[in-house]
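Please look over the structure shown here before reading on. The numbered points below are meant to be checked against it one at a time.

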Amino acid sequence: MRVLLVEDEPLNVQLFTDVLTDAGHEVVVLRDGEAGRDRALSEEFDLCIFDVHLPKLRGDDAVRALRAAGKLGPVIAISSSALTDEVQRGMAAGFDAYLTKPISPSALRDAVRRYATPRS
């Protein structure tokens, strides 16, 4: 599967990329919300993963833009904030799931397996 990962923290990028590529996925990495939004709008992905707190454009604002443009594919939020208001804001923006950091490799693999929709 083709996965878009939008994350600005280098250690998380490395961890998430390693987990996803080891599971056989092709991973495209971007490090700010604007670039992630633009790439998700211009290309097809089986799954998008957005950090919530990104430079240039928050992940929840990026997913809101994707949904407004008619992109219905699965999008998972990752965030260090587990506050109820933050989770509710993310889900209201259009995320399909909200994972909180630190995220174990198995939790990431499980979420990808559960939410990804392979392209035909």
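**Note on the model**

1. S106 belongs to helix 5, which spans residues 105-115; helices here are DSSP runs of H or I with at least four residues, strands are runs of E with at least two, and both are numbered from the N terminus. S106 is partly exposed, with a relative accessible area of 37%, where buried means under 20%, exposed over 50% and partly exposed in between, for a 1.4 Å probe and protein chains only.

2. The model is predicted, so local features need pLDDT of at least 70 and side-chain atom pairs 80 or more, while totals for chains, interfaces and linings use all residues. Residues are numbered from 1 along each chain as its sequence is written, and side-chain values use heavy atoms, leaving out hydrogens and water.

3. The largest pocket holds about 190 Å³ of space. Among its 16 lining residues, those closest to the centre are E44, F45, K71, L72 and G73. (A pocket is an open set of points on a 1 Å grid over the protein atoms alone, where a 1.4 Å probe fits, with protein on both sides within 12 Å along at least five of seven lines; lining residues have an atom within 4 Å of a point. Grid points are joined across faces, edges and corners, and the volume is the space filled by probe spheres set on them.)

4. A cis peptide bond, with omega of about 0°, joins K101 and P102, and P102 lies in the loop between strand 5 (97-100) and helix 5.
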